[in-house]
Amino acid sequence: MKTWSRLGVAVAAAALLTTACGGGSGSAPQAGADGLTTLRIAETAGAPLNFLTYGDEQGHFAKAGIDLEISSSSGGATVIPQLVSGDLDVAGSNVVSGIIAISQGLPIRMVAAGTSTADDPAQDFSALMVAPSSSVTGIGQLAGQKIAVNSLRNINDIVLGHQLQQAGLSYDSVQFVEIPFPDMAPAIQRGDVAAGMLIEPFITVAEGQGLKIIGRPYTDLRPGLQIGTYLMSEKLVGSDPELVTKFQQAVKATADSIAADPQSFRAALPRISQTDPALAEKVRINQWRGTTDRESLELVMGLMVDYKLVDAPVDLDQAVVG
């Protein structure tokens with residue numbers, strides 16, 4: 001669990017790119033003949049990507065003068081080298097990966113909030129789950145056992161570490177094992193791991209297979225906890241603050257539209273993400289605010305220091321734009 005994972009590799013690669021390319025060699029975004037400025041953005045497959053696709057489809061970005069060129073990613077730090085090199089204008093990641101990269105001196109900034117969890121624990125889109133036959137009812141019974149997570153040294157470390165502490169266990173009392181979300185429930189069923197940290201729609205699918213929820217990691221740490229963030233390079237933030245503002249406005253407009261009419265977003269899922277219509281009616285919908293929640297960042301950073309993911313908190317006045 002203490003081994004430096006892909007996150008460290010990605011940060012190191014981004015640092016090398018920064019040195020070699022002088023902070024990014026990509027050309028600055030330009031307005032086209034239609035007056036819209038193209039932004040190349042990568043976002044994590046699943047709910048985060050669905051959010052962007054929906055906002056683009058609903059015209060919120062075009063209204064702000066932006067033409068999104070959207071691509072899917074596996075999330076975390078994998079998109080940071082592309083952002084630093086200038087191959088992306090915006091990177092959708094999570095707050096832990098973003099903070100680690102900034103703490104390493106990479107020239108990037110958080111410009112808007114991505115996914116947050118629900119205020120109601122019953123609607124939390126994360127869940128710690130065990131097999132149907134398991135007698136485990138809480139994380140406190142998992143000492144010395146394996147827990148599946150989608151990636152190491154990520155938001156998982158923070159929320160599960162907090163649950164372990166609340167149960168009277170140390171951060172390293174379990175072994176985190178990296179398993180992709182689609183493969184997680186089968187691994188739990190086989191007994192390869194004792195439990196797994198899943199998100200929607202994989203939770204709803206797993207519940208249909210009899211797996212049991214024994215914890216809500218995101219809301220257990222803080223109801224409404226901000227999980228995701230949008231990152232831009234310092235170069236773009238400094239050279240075109242108006243474009244940054246337009247992007248922030250479009251993200252906020254998308255978030256507000258989903259909050260006002262979540263059923264329309266749910267109804268769009270089969271179209272924008274190829275989600276089965278029956279599953280789309282059951283999945284728990286993420287919460288989006290658009291603006292960065294500094295209380296969430298401060299809480300997460302404190303635990304990152306405790307768990308030695310960073311040496312010290314980053315300066316949010318410098319790290320966050322807006």
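Hello everyone, this is a short tour of one protein model, from its overall build down to a few individual residues.

A word on the source before we start. The model is predicted, so to speak of local features we need pLDDT of at least 70, and side-chain atom pairs count only at pLDDT 80 or more, while totals for chains, interfaces and linings use all residues. Residues are numbered from 1 along each chain as its sequence is written, and side-chain values use heavy atoms, with hydrogens and water left out.

Let's begin with the whole protein. It holds 15 helices and twelve strands; helices here are DSSP runs of H or I with at least four residues, strands are runs of E with at least two, and both are numbered from the N terminus. The radius of gyration is 19 Å, close to the 20 Å from the globule rule for 322 residues, so the protein is as compact as a globular protein of that length. That radius is taken over C-alpha atoms, and the rule is 2.2 Å times the number of residues to the power 0.38. Along its principal axes, the C-alpha trace spans about 60 × 45 × 30 Å.

How much of the protein is buried? Of the 322 residues, 56% are buried. Buried means under 20% relative accessible area, exposed means over 50%, and partly exposed is in between, with a 1.4 Å probe and protein chains only. The accessible surface comes to about 13,000 Å², and 50% of it belongs to carbon and sulfur atoms. Those areas come from the Shrake-Rupley method with a 1.4 Å probe, and for residues only the protein chains shown count as cover.

Now for contacts, meaning heavy atoms within 4.5 Å. Among contacts with a separation of 6 or more, 78% are between residues 24 or more positions apart.

Next, the charges. The protein has 21 positive and 33 negative charges, and their mean positions are 4 Å apart. Lys and Arg count as positive, Asp and Glu as negative, and His and the chain ends are not counted. Each charge is placed at NZ of Lys, CZ of Arg, CG of Asp or CD of Glu.

Side chains of opposite charge can pair when their charged atoms come close. A search of the whole structure finds eleven salt bridges, each one a side-chain nitrogen of Lys or Arg within 4 Å of a carboxyl oxygen of Asp or Glu. Let me show you three of them.

In one, the side chains of Arg40 and Asp89 meet at 2.8 Å, N to O. Arg40 lies in strand 1 (residues 37–44) and Asp89 in the loop between helix 4 (80–85) and strand 3 (90–94), so this pair ties together parts that are 49 residues apart in sequence. Arg40 is partly exposed at 21% relative accessible area, whereas Asp89 is buried at 6%.

Another salt bridge is between Glu207 and Arg284, with the closest N and O atoms 3.3 Å apart. Glu207 sits in helix 8 (residues 202–208) and Arg284 in the loop between helix 13 (277–280) and strand 12 (287–288), so parts 77 residues apart in sequence are tied together. Glu207 is partly exposed, at 32% relative accessibility, and Arg284 is buried, at 13%.

The next example is Arg294 with Asp317, whose closest N and O atoms are 2.8 Å apart. This pair links distant parts of the chain, 23 residues apart: Arg294 is in helix 14 (residues 294–306) and Asp317 in helix 15 (residues 316–319). Arg294 counts as partly exposed at 28%, and Asp317 as exposed at 58%.

Glu200 brings us to the backbone. A cis peptide bond joins Glu200 and Pro201, with omega about 5 degrees. Pro201 is found in the loop between strand 9 (195–199) and helix 8.

For Lys308, phi is about 65 degrees; its place is the loop between helix 14 and helix 15, and it is exposed at 68%.

One last stop: Pro81, which lies in helix 4. At 13% relative accessibility, Pro81 is buried. Its C-alpha atom is separated by 9.8 Å from that of Ala91, ten residues apart along the chain.
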